[in-house]
Amino acid sequence: MRQRIRVAMWSGAWRLGVLAAALACAGARLSAQTTRGGAGSEPSKMPVFKSDVREVSIVFRVIDRGNQPVSGLTPADIQIEDQGISRKITSFQANIAHAQVVILADVSGSMSTVLEPLQGALYAFADIVSKDFDREPGDILLSLVPFGDTATMLIDRTSNPMEFKQAVMRLRPSGSTALVDSVMAALLNAFGPKDSTNPSKRVDAPDQDDSPVPSRYSRRRPSAGSPGTDRSKFLVLFTDAGENASAHKWSDIASAMLGRDIVIYSLEFDSGSPDSDFSALSKVTQQSGGKVYRARADNLERLYAEIAKEIRSYYQLTFSAADVENPRIWRNVRLSTNHPGATIFARTGYCPEAPCQKADGSFIGGRPKTWNEVLAISRDPGVIFSVRQRLQDLKLEYTAETERIVRNLPTDPLLIEKVWNSDGKRSSESDRPNLLAHRVENGNRLVGMDAEVCGITVDPETSSSSQPYVTSNPFPASSNERVLTVLDPEIRIARRPGSAQERSGGAEQAYFQSQAIFYLRDRSGRIPSRIRVQCNRPHFLIGDDLIQFAVQSLERGLKVRSLGAGQGSRVH
């Protein structure tokens with residue numbers, strides 16, 4: 001929905017409705033919650049990251065040109081880039097010996113015709129994955145969780161392949177399909193510490209179970225020394241991707257995987273079910289660093305055997321990410337190797353602290369639902385200081401065209417709007433936006449309520465004066481230097497205009513926007529007026545991209561060029 005947003009010239013100052021409402025309507029409240037350069041400290045139950053130590057673990061596999069596992073690699077063969085920053089490996093384990101494997105098998109009615117081949121394939125899988133080779137026995141723990149409309153633990157973390165096979169023979173077809181709920185249940189429960197009582201028995205839900213996950217086992221509290229807690233984790237899923245009984249959505253699975261380091265293998269069987277969604281299943285699988293197979297009744301045994309061999313050929317490493325300054329922003333990770341002809345498969349990123357936000361605005365670990373929750377994940381002083389400092393260090397080289405544009409700002413303020421495509425939405429992560437410069441004529445301009453926009457005008461306190469700007473700097477810049485610098489930068493989170501106010505008995509929906517508000521000055525005095533800039537990013541947390549957007553907008557609107565600070569470096 002688009003609507004007319006009014007820009008009113010009050011005493012020479014511009015006010016864009018979508019921007020100004022956050023200042024005028026919420027200004028009094030925000031003044032009690034924010035300070036110069038920061039969001040407030042209104043209490044919330046959501047955690048705030050405070051740790052100085054973080055180890056990130058990645059399980060990965062390496063194959064050659066013939067699609068065969070590559071063994072014998074060492075830390076010297078692997079390179080890690082974390083958001084473009086080279087990381088040092090702190091631990092490395094080749095050919096993982098200790099692993100936990102959960103077999104999640106779709107036994108809903110649509111899969112009844114393939115049940116017998118599935119049982120044969122699982123028999124062979126148990127033998128191959130449990131082979132000792134040159135390792136000690138008992139280093140692979142197997143679980144079997146069949147599901148239809150509910151998920152049932154038939155065998156829980158056994159190192160005995162015969163016990164697993166006996167459970168396989170108890171598989172029976174049942175009812176409808178709650179695929180997403182069952183995957184959620186497995187991720188949240190099956191990889192936790194093992195219950196010491198009746199570990200191989202079915203675990204019933206407690207009498208008072210408010211969980212929306214339709215599973216017959218409940219989440220257990222961790223206990224030190226429980227089997228499986230320090231093992232590499234694999235979820236092997238066999239399904240036709242049918243879905244007709246879940247309370248959860250596919251997007252919830254990404255949050256459930258957060259921080260669990262679980263690699264997913266998916267065997268997709270085409271049963272002809274109209275409810276199948278193979279694209280969603282494939283996306284979740286690939287995000288975990290796993291692999292998707294197209295399964296048929298006559299190739300199940302071969303595919304399960306291949307997965308079993310791959311599981312025994314995985315690597316695991318950790319690296320330190322203690323210097324991450326903004327834990328609420330998703331970080332991209334890339335592993336590479338100098339081994340000739342080798343390709344690495346691993347997850348592509350991680351969330352330092354949940355919840356965190358990806359570059360497209362989506363949240364991993366759950367979107368904040370209230371204003372207090374937004375504040376709780378936005379008030380880290382280290383993040384605010386880093387972003388503000390980057391803005392403070394910004395220097396912009398200007399031209400004669402810039403001078404001409406600035407002379408017109410008192411009557412024609414600029415709006416710089418980020419536009420993705422015709423419908424205003426981003427269709428993929430590879431999309432690149434366009435920045436459109438609008439002249440605000442007669443105080444009005446049509447922009448979207450949720451548009452990312454920067455407003456540029458002149459400071460009314462200096463626009464009426466023709467005297468050069470006088471600085472207190474005892475070493476003024478050369479009169480030949482055409483450079484704009486930043487004054488009084490403010491970084492904050494604000495209520496989005498139009499958001500509901502708090503009501504007694506309930507919390508408002510979490511509409512919010514991150515803001516950068518600052519002035520530009522010409523130290524040489526060639527441009528006598530200070531330039532006021534306000535950039536808003538609705539739905540986005542405070543982060544490095546806010547400053548990057550401001551820089552790009554200024555380059556587009558004022559025809560300036562960034563001299564380095566604030567352009568290439570990123571808060572990490």
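Student: Why is Arg 157 called buried?

Tutor: Arg 157 has a relative accessible area of 3%. Buried means under 20% relative accessible area, exposed over 50% and partly exposed in between, with a 1.4 Å probe and protein chains only. Arg 157 is therefore buried. The model is predicted, so that local features need pLDDT of at least 70 and side-chain atom pairs count only at pLDDT 80 or more, while totals for chains, interfaces and linings use all residues. Residues are numbered from 1 along each chain as its sequence is written, and side-chain values use heavy atoms, without hydrogens and water.

Student: Where does Arg 157 lie, and what is its phi?

Tutor: Arg 157 belongs to strand 8 (residues 155-158); strands (E, at least two residues) and helices (H or I, at least four) are DSSP runs, numbered from the N terminus. Its phi is near 55 degrees, a positive value in a residue other than glycine. Most residues other than glycine have a negative phi.

Student: What makes Asn 67 partly exposed?

Tutor: Its relative accessible area is 37%, and that value falls between the limits of 20% and 50%. Asn 67 is therefore partly exposed. Asn 67 also has a positive phi, of about 65 degrees, although it is not a glycine, and is found in the loop between strand 2 (55-63) and strand 3 (78-82).

Student: Why is helix 3 called roughly parallel to helix 8?

Tutor: Helix 3 (residues 115-129) and helix 8 (residues 300-311) pack at an angle of about 25 degrees, with axes 8 Å apart. That makes the two helices roughly parallel, since angles under 35 degrees count as roughly parallel, over 145 as roughly antiparallel, 65 to 115 as roughly perpendicular and the rest as oblique. Axes are lines fitted to C-alpha atoms, for helices over the stretch in contact, and angles run from 0 to 180 degrees between N-to-C directions.

Student: Which strands stand at the edges of the open sheet of eight strands, and why?

Tutor: The order is 20-19-22-25-24-23-18-26, with antiparallel pairing. Two strands pair if DSSP finds at least two bridges between them. Strand 20 (434-439) and strand 26 (561-562) each have a single partner strand, so one side of each is left without a neighbour in the sheet.

Student: How do you know that strand 22 pairs with strand 25?

Tutor: Strand 22 (residues 453-458) and strand 25 (residues 531-538) are joined over six bridges, in the antiparallel sense, and at least two are required. In one of these strands, strand 25, Ile 531 is the bridge partner of Val 458.
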